[in-house]
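Let's take a friendly walk through a protein model together. Have the sequence and the 3D view ready, and follow along one piece at a time.

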Amino acid sequence: MYIYNEVDQKIVDERVEQFRDQTRRFLAGELSDDEFLAVRLMNGLYIQRHAPMLRVAIPYGLISSPQLRKLGHIARKYDKGYGHFTTRTNIQYNWPKLEEVPDILAELAEVQMHAIQTSGNCIRNTTTDQFAGVTPDELEDPRPWCEIIRQWSTLHPEFAYLPRKFKIAVTGSPRDRAASQVHDIGLHLVQNDAGEVGFEVLVGGGLGRTPVIGKQIRPFLAKKDLLSYLEAILRVYNLKGRRDNKYKARIKILVEAMGIDAFREEVEAEWANIRDSELGLTDAEIDRIKGFFQPFAYDADAANDTSLQQKLESDEAFRVWYEHNTHNHKVPGYTAVVVSLKPQLQPAGDITDLQLEVVADLAEQYSFGQARSTHEQNLVLADVKNADLYAVWQKLAEHNMARANIGTLTDMIVCPGFDFCGLANAKTLNIAEQINTAFDDLDYLYDLGEIRLNMSGCINACGHHHVGAIGILGVDKKGEDWYQITIGGSDREDASLGKVLGKAVAADDVAETLKKLLETYVEQRTEEERFVDTVRRVGVAPFKEKVYAAAH
Amino acid sequence: MPLLIDRKPVADDRWQLVEDAENLPASGDLLLPLGLYLENKDALSAQAGEIAVRVNGDDDLTPVLESLDSFPMIAVEFPAFRDGRGFSLARILRRAGFKGELRAVGNPARDQLGYMERCGFNAYEFSEEVYSDDFLKAFEEISVHYQGSADDPRPIYLQS
């Protein structure tokens, strides 16, 4: 992983002192609310329903054992003993004290971490595939490109006061595990006809009030041109994006309004001005950054392991976990493990100080000292020897992180909702609990197969509800929580937006409604068809009939 | 109004803002909003003093870019704290070769000054109520930068 040099360290250290002074001036009444709002957001600090919320950056989801331990320490010392992983692969703390935030940031800087640009109208944390660098289906490891983007976008002087937030995702595999098509910019490493690897560039995707799938602005961009092209897109957006209405300020609205062709023309015209500038990446720099992401010293003997097979045959619970919570590794004898943060009775993505330390220890002992966070709010130990999987599973199970539900209905993406968030209209955690209780039979979930269930407590869509195979959106109706359900969405390579099922359902009826949807799926499905495929084939109507007919 | 030029407080501002072309001052150096300047370009050519223009994100910069050398100063307006278009305007003006004074007006915030300087501004005009000499510290809070900008086009790996 990328290791800070003196310059990187200096940037985060100076940033901490800058924010310390900004906080001091704010508390002394020298800095207006509006100005402090902007600077605190650019340091990840929100003021929420009960307390401030601090969002810490985990660049492209990659994190080391010492960093995990530091996050655990912060949870214990400054919070109530837990944190919450987000769809941006960051972690947020819900109970820090405003005046202690500079100290938290200083502690983070000790382990090469920060909260820079985790909020505000600026370029946010770049995200990628949680299996980057280890998945067999990959063309090239996207992480060096994420790091190059991280450095370029960090404290970028021109793009700190954009019309609205700006999110970039990079993938290196034809399988999209980063929801790249619903990002402001999606970058796909692809090969052109000449056999060169570069980027397909999508622009103008996004969720929120107006969900849009990104459009291709360029089928192939040479690697050296990456930053000049990004800068051209950002400059056009910064100058032309709407600023009169925050709900119409994302780049997707600009691209829709101009049309992708006219937008492309503007970008290409701007790009012509800067393409041959110092923004062009040198081979030496690309190689330097790639050097930080070289494959580990894998054990050539790992493939000769026979113990895994024995354990799979002798321990049913382990076998079930292995089938659902692991991913193929490109190196024979190794496996990527998904650490489930979707237990039965805890909010999705929440993790305690102790669990953070357990994952840190497991990473150190079994996975080259690194872990990853996923946009589905889980963690990954990407490089575990097959012979060690049993020990890893036992430890995870002991600490409630081995629920074998990855990819199933209860592997839900859930925003914190009204219980924590100042923006939310409705609660989400109680609904997630209701669903977890109603669908606690894992065999039933396995029979249903892959179903992405995403839930947001408001239209801002932090829980990505539009791209869930089942999406749940909390809405407020005269002071009561109601839930609008969409079906048929996907955030993968076949990205699509879910369609509204019908009128919203009452809070108590959500799980019951899901049951009817799933019954319909089971009746209608063909063999090998996922829930989302069935919805696409038969349409919303049969689902709608079942749900609303029964209500009379 | 408090004014900083090249990180130093300046007591006298030589530019007089003109917002009404009916009553042009007989002498002195004048600052005009771009639209007003373009409407009165011919009349202004008879002025004894120098002419500067004020631009904002709604303006088409083309006429300014076409005659950059004729302006000793260009003011870029920041109509609201969170309106960041001026950062890009500054970069475009500097990239086009503007060497004169580039001034941020409309009450730039202390915590934006470092970024403004990196985008090519070298002058800042503040309202009396907000300014303090503490603002001068803002330029030195972050001493290193990853990406090139107007101040130094080189990214970190080409520096040193």
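Helices (H or I, at least four residues) and strands (E, at least two) are DSSP runs, numbered from the N terminus. Chain A has 18 helices and 21 strands. Its radius of gyration, taken over C-alpha atoms, is 23 Å, close to the 24 Å that the globule rule gives for 552 residues, so chain A is as compact as a globular protein of that length. The globule rule is 2.2 Å times the number of residues to the power 0.38.

Before going on, please note that this is a predicted model, in which local features need pLDDT of at least 70 and side-chain atom pairs count only at pLDDT 80 or more, while totals for chains, interfaces and linings use all residues. Residues are numbered from 1 along each chain as its sequence is written, and chains are lettered from A and ligands numbered from 1 in the order in which they are written.

**Inside chain A**

The C-alpha trace of chain A spans about 60 × 60 × 55 Å along its principal axes. A residue is buried if 20 or more other C-beta atoms lie within 10 Å of its own, exposed if 12 or fewer, and partly exposed in between, with C-beta atoms placed from the backbone. Of the 552 residues in chain A, 55% are buried. Two residues are in contact if their C-beta atoms, placed from the backbone, lie within 7 Å. Among the contacts in chain A with a separation of 6 or more, 67% are between residues 24 or more positions apart.

**Two sheets**

Strands of a sheet pair through backbone hydrogen bonds, either parallel or antiparallel. Here, two strands pair if DSSP finds at least two bridges between them.

One open sheet of chain A has five strands in the order S3-S14-S15-S12-S11, with antiparallel pairing. Strands S3 (62–64) and S11 (326–328) of chain A each have a single partner strand, so one side of each is left without a neighbour in the sheet. S11(A) pairs with strand S12 (residues 334–339) of chain A over three bridges, and A:Asn328 has A:Thr335 in S12(A) as its bridge partner.

Strands S2 (residues 52–56) and S5 (residues 91–93) of chain A are joined by three bridges.

**Where chain A touches chain B**

How many residues of chain A are in contact with chain B? There are 31, and they meet 30 residues of chain B. H1(A) gives the largest share of this side of chain A, seven residues.

Most residues other than glycine have a negative phi.

| Residue | Phi | Loop between |
|---|---|---|
| A:Phe368 | about 55 degrees | helix H12 (353–366) and strand S14 (370–373) of chain A |
| B:Asn107 | about 65 degrees | strand S7 (101–105) and helix H5 (113–118) of chain B |

Are these residues buried, exposed or partly exposed? A:Phe368 counts as partly exposed because it has 19 C-beta neighbours inside 10 Å. B:Asn107 is partly exposed, with 18 other C-beta atoms within 10 Å.
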